Amino acid sequence: MLSRKPPADPCKGRHFLWRLLVDKRYQGRGIDREALTQVAAQVRADGATELLTSYEPGDGEPWPFYQKSGFEPTGEIDDGEIVLRLTFPAR
């Protein structure tokens, strides 16, 4: 689930990945990484400079996955969730 804010939008660059879910039966096959790669490519094609997401800390949290994918904490907490940012290099 992605909230897209294209360049013409007043919130330019504020694309937010609300959830990335892969059925338990299909986890561990790289589907999550490929899906995230494709989402990031689309967001960048929209002209965004970053992609945001968040997660609720606890058992089974996705932080290791997002960290390996290049996300960094923003220092923000939104409704108990830690907000992360993936910054795209300048073209």
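In what sense do E1 and strand E2 (residues 15-17) pair, and over how many bridges? The two strands pair in the antiparallel sense, over two bridges; strands here are DSSP runs labelled E of at least two residues, helices are runs labelled H or I of at least four, and both are numbered from the N terminus. Pairing itself requires that DSSP finds at least two bridges between two strands. Within E2, Phe16 is the bridge partner of Ser3.

The structure is predicted, so local features need pLDDT of at least 70 and side-chain atom pairs count only at pLDDT 80 or more, while totals for chains, interfaces and linings use all residues. Residues are numbered from 1 along each chain as its sequence is written, and side-chain values use heavy atoms, with hydrogens and water left out.

Turning to the overall fold, the chain contains two helices and five strands, which follow one another from the N terminus as β-β-α-β-α-β-β. The five strands form an open sheet of mixed pairing, in the order E1-E2-E3-E5-E4. Strand E1 (2-3) and strand E4 (72-78) are the edge strands, each pairing on one side only. H1 lies across E1, E2, E3 and E5 and runs at about 135° to E3; axes are lines fitted to C-alpha atoms, for helices over the stretch in contact, and angles run from 0 to 180 degrees between N-to-C directions. Contact means heavy atoms within 4.5 Å. Of the contacts in the chain with a separation of 6 or more, 55% join residues 24 or more positions apart.

Next comes the interior. Buried residues, those under 20% relative accessible area with a 1.4 Å probe and protein chains only (exposed is over 50%, partly exposed in between), make up 30% of the 91 residues in the chain. In soluble globular proteins, nonpolar side chains tend to be buried together. A nonpolar core is a set of buried Ala, Val, Leu, Ile, Met, Phe, Trp, Tyr and Cys residues joined through side-chain atoms within 4.5 Å. The largest such core has 15 residues, of which Leu36, Leu51, Tyr66 and Phe71 touch the most other members. Helix H1 (31-45), E3, H2 and strand E5 (81-87) each supply at least two residues of this core, and the largest share, four residues, comes from H1. Not counting residues up to four places away in sequence, Tyr66 touches Leu17, Leu20, Leu36, Thr53, Phe71 and Leu84.

Tyr66 also takes part in an aromatic cluster with Phe65 and Phe71. Rings of Phe, Tyr and Trp (its six-membered ring) pair if their centres lie within 6.5 Å, with planes under 30 degrees apart counted as stacked, over 60 as edge-to-face and the rest as tilted. The structure holds four aromatic pairs. One of them, between Tyr55 and Trp63, is stacked, at 6.3 Å centre to centre and 15° between the planes. Both partners count as buried, because the relative accessibility is 7% for Tyr55 and 18% for Trp63.

Glu56 sits in the loop between strand E3 (50-55) and helix H2 (63-68) and counts as exposed at 56% relative accessibility. Glu56 lies 24 residues from Gly80 in sequence and 6.6 Å from Gly80 in space, C-alpha to C-alpha. Asp79, in the loop between E4 and E5, has a positive phi of about 55° although it is not a glycine. With 78% relative accessibility, Asp79 counts as exposed.
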